[in-house]
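Let's walk through a few spots in this model together.

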Amino acid sequence: MSPSRRFRITLVLFVLAAFTAFYWFDLGQYLNLESLKTQQSLLTSYFDTHPLGFSLIYASIYVASAALSIPGATILTLASGAIFGFWWGLLLVSLSSSIGATLAFLGSRYLLRDTVQKKFKDKLEKVNAGIEKEGSFYLFTLRLVPLIPFFVINLVMGLTPMKTRTFFFVSQLGMLMGTIVYVNAGTQLANITSPRDILTPSLLFSFVLIGILPLISKWLLNRFKAGQHMKKFKKPKTFEQNMVVIGGGSAGLISAYIAAALKAKVVLIEKDKMGGDCLNTGCVPSKALIRSAKIFHQIKKAQEFGLEVSSAKVDFAKVMARVQNIISTIAPHDSQERYRGLGVECITGEARIISPYTVQVNDKIITTKNIVIATGAGPLIPPIPGLDTIPFLTSENIWSLKELPENLLVLGGGAIGCELAQSFSRLGSKVSLVEMSPRIMAKEDREVSTLIAQEFEKEGVQVFTSHKALSIEASVENSTQALVCETDGREVRIPFSHILVALGRKARVKGFGLEEMGVELAKNGTVAANEFLQTTNFPNIYACGDATGPFQFTHTASYQAWYVAVNSLFSPLKKFAVDYRVIPWCTYTDPEVARVGLSEQEAKEKGIPYQVARYEFSDLDRSITEGDTLGFVKILTPPKGDKILGVTIVGNHAGDLMAEYVAAMKHGLGMNKVLGTIHIYPTLAEANKNVAGVWKRQNAPQAILKFLEKFHAWRRS
């Protein structure tokens, strides 16, 4: 047994012994008002005879009582005033109570914090962040409210990252007001018949009021700060609109739709095409292209299915025409006509925020109660020397291609880069994928990155990881272009005919008045917003979608839009904090990669204990009949628990299969519930039930099974 563990056990035994002794010897009989009154003259004479020694004994008893959370602090505090007088009693109690509370704080920290933090780490992240940021403020507030037992505060704060020094001094300051009241009451002990004589309803109310005063002050301070920004602008007496939404992508469309459904007056402004990036340059066109590429890839494997195909070729112009046709087919869903029919006033033009209450579009000035920034994001263009001297592709302009690139270099191994690299390779381009990190799809587990990279290599995509782009070399004379990279301390040149920059997306925050207004931006360049999606310095300006993040997914933008619409229309009467605990996503490579919650990589980094249940699609009947058995379902759960911490699915239709786990995690359903749900046979969804079966076998109660084995043997006899 380690010395640390031995000390912990000793400490626990000591605390238990102290509690046992306190109740066994009925020491509580000395910590009541009658006993104090009876012994007051005797205790006072002891103090008069031995002032320093008796003060030290009293302080030691008080410290021990507070440290062990033994009842009696009220009587001991009254005693200090009765025996020592106001000033000396106040000094003794103030120091003793703070020292005792700090010892209880340290005991809780030493015995429990590591265990609690590990077990509930995912839930405590927000709490820990709040304590580190404003822990002193909250501790001070709690200390001012006598209705909250102080020993509870000591023990709970010990489980947090609060510094010991901070806890001691803030506790001393926070408990001072209550200490003054009790010590002063102790000087008038003869007039007190019960503690209720001290804590009258009016005094309790005063304490509660004092306790919530810091919270009220904080709220008023935030209102004042916002008011300082808002007062620079003239507020209209009445407003033409309840909401003006800038941006007609997913976030803007949904927020406007919800506002109109709630019978608010709302204007939606879009300077380009309705539907935003998702419809016109993102999700829709990329998935249409992926589908064409996958069908051609499957045609080339037709013999595996007993089919003879004499010839098949790619007509790239028709492939891209199909992409545009699909965009046109879906476009009416996001059109101005549809949204006008839903009650939204739609305006085409460039919006400009003039004040927190007014937005200009074209030559029209609109007054509004709230403004929603839903301007999305655009491709991130790196400052690579030479890039600006050549035409380059991004996720926005690649859809204008009419001819298939002969030699496509994709810069970036994230979702966009991987999806388009595989698709163009399948359609016939020679594709090189360049990634600065040691692996592609770096947010996923290493085994996932490795599996996808291997599939790419099998299909002819050259994957260059750990390659840092240095510059572009272009020769007009020889009509050659190459990307110069550094890897392992040497330079390499990768030639290309076309280059696609797919290094992520940057929030659109310029050109519509944010700079002039002074709307705060986050460090990553997005619009800074609080948990209610209000901008940090203008409470009636909201932000959602890619413009604010933290996730740049269409479904997250739509999710945020609900909060923006409801919060803006009903604040301050009611507001809802956005909840990012269960955010799924999918990369539409072949096989698809979908995830929700923790990956194994993240669980290790955060020190969260877990166990893995895994099921391979190669064992699933439907996958075998489809001839598509690559991939797996991997579930992370706590050891010996059925709560779902995270799910990774790699395989055909992984994104569709993920919905079951998203619902389970959102509503607190565990693996037992998944296992007990009927899944249609034969479907890919059976993989979800089968992996739950794997989990069940891993956690089977061996002792009960051994008993049952003996029981059934007895039944056979």
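**A few residues in the predicted model**

Q: In which helix is the place of S45?
A: This is a predicted model, so a helix here is read from the predicted coordinates. S45 lies within residues 33-49. That stretch is helix α2.

Q: Is S45 buried, partly exposed or exposed?
A: The relative accessible area of S45 is 30%. Buried means under 20% and exposed means over 50%, with partly exposed in between. Because 30% falls in between, S45 is partly exposed.

Q: How far apart in space are S45 and I83, C-alpha to C-alpha?
A: Along the sequence, S45 and I83 are 38 residues apart. In space, their C-alpha to C-alpha distance is 8.8 Å.

Q: Where is the place of D579, and is D579 buried or exposed?
A: D579 sits in the loop between α18 (554-570) and β17 (585-587). Its relative accessible area is 18%. Since buried means under 20%, D579 is buried.

Q: Which residue's side chain makes a polar contact with the side chain of D579?
A: Leaving out residues up to four places away in sequence, D579 touches Y559, Y563 and K666. The polar contact of the D579 side chain has a distance of 2.8 Å. Its partner is the side chain of R581.

Q: How many disulfides does the count come to?
A: A disulfide needs a pair of cysteine sulfur atoms within 2.5 Å. By the distance rule, the number of disulfides is zero.

Notes: Residues are numbered from 1 along each chain as its sequence is written. This is a predicted model: local features need pLDDT of at least 70, side-chain atom pairs count only at pLDDT 80 or more; totals for chains, interfaces and linings use all residues. Side-chain values use heavy atoms; hydrogens and water are left out. Helices (H or I, at least four residues) and strands (E, at least two) are DSSP runs, numbered from the N terminus. Buried means under 20% relative accessible area, exposed over 50%, partly exposed in between (1.4 Å probe, protein chains only). A polar contact is a pair of N or O atoms within 3.5 Å; within protein, one must be able to donate a hydrogen and the other to accept it, and residues adjacent in sequence count only if both atoms are side-chain atoms. Contact means heavy atoms within 4.5 Å.
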